[in-house]
Amino acid sequence: MPEPVKQEFDVVVIGAGAAGENVADRAVQGGLSVVLVEAELVGGECSYWACMPSKALLRPGTALHSAQTAPGAKEAVTRTLDAAAVLKRRDHFTSNWQDDSQVDWVKDSGIDLIRGHAWLTAPKSVQVAGLDGTSHLLQARHAVVLATGSMPNMPPIEGLEDVQVWGTRDATSASEIPERLAVLGGGVAGTELAQAYARLGSTVTLMARSRLLGNYPEEAASLVAAGLRADGVDIRLNTVTEGITANDDGTFSLQLADGSAVIADKVLVATGRHPALEGLGLESVGIEPDSRGRLNLSTDISGLVEGIPGDGPWLYAVGDAAGQNLLTHQGKYEARATGDAITARAKGELSGRPADWSRYAQTANQHAVPNVVFTDPEVATVGRTLESARKDGYNASSVELPIQVAGSSLHSENYEGWAQLVVDEDRKVLLGATFAGPDVSELLHAATIAVVGEVPLDRLWHAVPSYPTISEVWLRLLEKYGL
């Protein structure tokens, strides 16, 4: 066996996805030496199997449908998508699953890169089995950061482990459109991919154990359900899938609890994700699996993992690995704060818990997490729902109404949308907002700013929306509130 290569860096980052890249970049900008360790493609899940390819699959269908709802445009467009052209465009946005440009960025940023599988062996000590056969022993002077992303959940369905089904990676990287697609899961990934494939030509059946988009207001989810049904998706809610078998002709049979069955050429399992922490040697630093056999981390406002032995703060987690908000943009936000906190602590400029809303703190995680479901219609939400606000002890109220303004009427015929604001009655500021309807994602950042900035409603009243835009719904909401 060759002798391991021993190296020392200020910071060792395990995982070179969006979160890992951002924390490494921030630390390097602060003058620290950093190495990224990655076992797959540099750029991570979002670049190759999640955000980018899924939105590339969705956008052409949304654009076509938008044109079909505007008189004058609908007469000029065909009624179906060119699936081959959509897949080719998807391939472009994934760089054909090649990470050369991302690797170049890492090198140009002054970050070292090791391709391999990494795990902790002791505080600040990381071992790497390099993909080229080289073994590395890395010592971190200041910090080790876990940015390993997440893994898909597998539901307890009889026969599932014995058949070859799709995960979301398979669905976003597929080279052909199946004639019949069964989707297990009514969350964000399930609904988005169900609609994408329906518009690309598949006959889609979506099955969910509860209602569609259960973490979102029911009024918004109902609009999405109507959109999927208009595209021909057979939605079966409150449905339990009990078993799955592979047939001799290559198809699959899914047995449902009500006695019915679904036959499909492909089956997509999209039933959520959990932090990818297995195999990282966390047991060597005192972190044991929970009663379900899963590892979970508790982090403070700077991303520092709590309850870890060692000389001073040294182990951090960002992005999906931290388990707080499994969203790329939020993971990058966490990474920037964590990179700055590591740098400040290394220089003796930060000790203890950082102040809320400082550059070292992930305060927005508790107050203003923006999220978009990129179906057609879209759902865009930030901050607390009315239920979560009251659960958190706020004296909260809400105001909601259909989106019926001049801008929505001009946008498309028969525009259907819904909007809600959640208000802290004691301070008269927004705690959250939800918009549902075509292209409402572009309304979201204004709401995020209002929540983060704690803009008083009587001042927000003076933020006049341009006419005629869908943003005029802000005026109608505030008027209904009483301003």
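Is C51 buried, exposed or partly exposed at 22% relative accessibility? With buried meaning under 20% relative accessible area, exposed over 50% and partly exposed in between (1.4 Å probe, protein chains only), C51 counts as partly exposed because its relative accessibility is 22%.

This is a predicted model, in which local features need pLDDT of at least 70, side-chain atom pairs count only at pLDDT 80 or more, and totals for chains, interfaces and linings use all residues. Residues are numbered from 1 along each chain as its sequence is written, and side-chain values use heavy atoms, with hydrogens and water left out.

A search of the whole structure finds one disulfide, a term that stands for a pair of cysteine sulfur atoms within 2.5 Å. C46 and C51 are the cysteines joined in this way, with an S to S distance of 2.5 Å, and the disulfide is left-handed because the torsion about the S-S bond is about -135°.

| Cysteine | Relative accessibility | Class |
|---|---|---|
| C46 | 15% | buried |
| C51 | 22% | partly exposed |

Elsewhere there is a sheet to describe. Strands (E, at least two residues) are DSSP runs numbered from the N terminus, and two of them pair if DSSP finds at least two bridges between them. The open sheet consists of three strands in the order β10-β11-β12, with antiparallel pairing. Its edge strands, β10 (241–246) and β12 (261–264), each pair on one side only. Between β11 (residues 252–256) and β12, the antiparallel pairing runs over four bridges, and F252 has A264 in β12 as its bridge partner.
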